[in-house]
Amino acid sequence: MRTFFKIGLALFACWLGHGAALAETRVALVIGNGAYANKAVLPNPTNDAEDVAAALRRSNFEVILGTDLGQAQMQELAIRFARAAGRADVAMFYYSGHAMQHNGVNYLMPVDARLDDEADLKRFTRVDDILNDLQQAKNLRILVLDSCRDNPLAEGLKRAAGPTRGASIGRGLNKMEAPLGTIISFSTQAGRTADDGRGRNSPYTSAFLRHIGEPQEIGEVFRNISGDVYEVSGKAQLPELSLSIVGKFYLNGTVSVTVTPAAPAAPADPCTLAEAHWKAADSIGTTAAYEDHVARFPACAFATLAKTKIEGLKQKTALAPPAVARTGPAGKTRDFDGSWDVTVNCPDVGKTRGYSRMLSATVTDGFLRADDRETGKKNWLAIDGTIPASGKTTLSARGLTGNSDFTVGGGAAGSPYSYTIDAQFERSRGSGKRNEVRPCKVEFVKR
């Protein structure tokens, strides 16, 4: 009887990240409301919205921008955004202006708002409706509200409603939990108000602009924004942050898959693409990636540096004790030793072509290695890593693209790529059950 092991995995950011690697669609609706008609004027939301829109365009967002919008204008832009989010991979909503909560529901305030009684709330935009529109995006959704300011209209309604009914009008905004695949960030904690600031931008937007363009994982970017506001405010204002994302997502910078654009026919300068290919090879950092660069661009600027890297890696390998690579960390196990059949299936996603591969793997002293470079193909895939006694591990996958098996965004055959696989090995004899995690499926079957 065959023995099956179930693998739970996440393929980190194979199709979110660097614009050169993928032509993903990013859309954002950015609104700044400050010129309120009813004694609630704010000094900087227009600046906030214009500066945020510019920053997002630099990160390849298609931006819908609106400032000082009345009720009808807010509704019109919300409709445009809902349609755009349905075709997007990444969608973001950013609002700077007045908002309020009533009976646990958060509302955004147009500049022509009146709030004589609770019925006037029908003229406001419900944050829940915006969040529902965001959910149409395929991969990542971001909701940002820089809106927890002192709101004289809300306070006036609270006084007019009296002590009993007025209790339903809370201070600041009501806490919201992020659905799967979503980030929600408020300028301050739920139930509190935020500082308007004294410069061109609010304290929260200033921090957002400092960090949103950084080449870091998106969760880390928003944690840095929160930490920045907390420190700048003298620890008086802590942004509310709720994240519910699986995997690692990047708006800027290198991600798990880095591919060189296809070379144009007969370029005038053979070194035209050398720098781009070098950045891809150096981000992967393997001997094979550097050798690929030398083979492609032997007379170009980075060839000597690539050869130095190759020699350094070979010396490091030669000096390492023979048993180190296969011994693994303390607590190694031989429970998974033996021969394995490995199947990798990734579907097409947008312009990214999927691929299917079958490899043979060997586990010795808890160290797994699968490698089909010996088959003589231009495209190859290698997976390796140590499996500890707990069965929880991160495996490393790397390879070169081919004409048919794997192509990212039209990348040339033979371009290097890499990603990681988070796996939890659990023994389940004879069940044959496969455990799938979108978008790819990897199955290890022991012979």
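This is a predicted model: local features need pLDDT of at least 70, side-chain atom pairs count only at pLDDT 80 or more; totals for chains, interfaces and linings use all residues.
Contact here means heavy atoms within 4.5 Å. Leaving aside residues up to four places away in sequence, L145 touches F93, Y95, L108, V127, L173, S185, F186 and S187.

A55 brings me to helix 1. This helix covers residues 45–58, 14 residues in total, and spans 20 Å from first to last C-alpha, close to the 20 Å expected at 1.5 Å a residue. Its buried residues are P45, D48, A49, D51, V52, A53, A55 and L56. What lies over them? The cover includes strand 2 (26–32), strand 3 (62–67), strand 4 (90–96), strand 8 (140–146) and helix 5 (203–211). Just after the helix, N60 adopts a positive phi of about 70°.

Next, the disulfide. The structure has one, and it links C271 to C300 with an S to S distance of 2.0 Å. The angle about the S-S bond is -90°, and the link is left-handed. C271 sits in the loop between strand 10 (241–244) and helix 7 (274–284), while C300 sits in the loop between helix 8 (287–296) and helix 9 (303–319), so the bond ties together parts 29 residues apart in sequence. Are the two cysteines buried or exposed? C271 is partly exposed, at 28% relative accessibility. C300, at 11% relative accessible area, is buried because the cut-off for that class is under 20%.

Finally, I consider strand 11, residues 338–346. Strand 11 pairs in the antiparallel sense with strand 12 (residues 355–364) over nine bridges. It is also joined by six bridges to strand 17 (residues 441–446), again antiparallel. Which residues stand opposite D341 in these two strands? In strand 12 the residue is S360, and in strand 17 it is V445.

Conventions:
Residues are numbered from 1 along each chain as its sequence is written. Side-chain values use heavy atoms; hydrogens and water are left out. Helices (H or I, at least four residues) and strands (E, at least two) are DSSP runs, numbered from the N terminus. The expected span of a helix is 1.5 Å times one less than its number of residues. Buried means under 20% relative accessible area, exposed over 50%, partly exposed in between (1.4 Å probe, protein chains only). A disulfide is a pair of cysteine sulfur atoms within 2.5 Å. Two strands pair if DSSP finds at least two bridges between them.
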